[in-house]
Structure formats: structure tokens, C-alpha cells
Amino acid sequence: GVFGDDYQDGWDAYERQDYKTAYKLWLPLAEQGDADAQVLLGVMYDKGQGVPQDYKEAIKYFRLSAEQGNADAQMVLDALIKK
């Protein structure tokens, strides 16, 4: 499907450290409610990969994903909030 391609292309870009491309591919997915893309954007904001480091944005994306029941996002969110 369309989602799968953008997600995979984003992952390929991320792995070769082309964070700007990964971000561009994942942002629309995250905005459409893709829990995996939301976690990845959270990570990128947390680490400042391809975007300015922004913990508020990171937490926003982790929270969106966690609300959909993503266990990884819930764990990261707990860790970030305790920081």
C-alpha cells in the first residue's frame, strides 16, 4: 500500500542518516495517525535528527502513539517524563 512504501522509504533514508528525507516521508503518516511513524518522529525530535531538538514535540508524538496503544511509545514516554 501507499503507507508501506513511504514508511519503508523513510526507514531506508533514516538508516543512511538522511534524516530530512525520513522526516518528510514520515510526517504525513504521523499526522494521519500512523503510530509507528509517530514514535519515529518522537525519536527524531528527542535526538535532534533532521529537526531541531525539541522535547515538547518529542513528547507530543510519543503521546499520540501511546494513546493508540503503542507499547514502545508508552515506555519511552514514561522515561522522558521522569527525566
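## Gln38 and its surroundings

Leaving aside neighbours within four places in sequence, Gln38 is in contact (heavy atoms within 4.5 Å) with Ala30, Gly33, Tyr61, Leu64, Ser65 and Gln68. Gln38 belongs to helix H3. Gln38 is buried, at 3% relative accessible area (buried is under 20%, exposed over 50%, partly exposed in between; 1.4 Å probe, protein chains only).

## Basis of the model

This is a predicted model, where local features need pLDDT of at least 70 and side-chain atom pairs count only at pLDDT 80 or more, while totals for chains, interfaces and linings use all residues. Residues are numbered from 1 along each chain as its sequence is written, and side-chain values use heavy atoms, leaving out hydrogens and water.

## Packing of H3 and H4

Helix H3 (residues 35-47) packs on helix H4 (residues 55-67) at about 160 degrees, with axes 8 Å apart. Helices are DSSP runs (H or I, at least four residues), numbered from the N terminus. Axes are lines fitted to C-alpha atoms over the stretch in contact, and angles run from 0 to 180 degrees between N-to-C directions. H3 is therefore roughly antiparallel to H4 (over 145 degrees).

## An exposed lysine

Lys24 lies in helix H2 (residues 19-31). Lys24 is exposed, at 62% relative accessibility.

Key: Helices (H or I, at least four residues) and strands (E, at least two) are DSSP runs, numbered from the N terminus. Angles under 35 degrees count as roughly parallel, over 145 as roughly antiparallel, 65 to 115 as roughly perpendicular and the rest as oblique.
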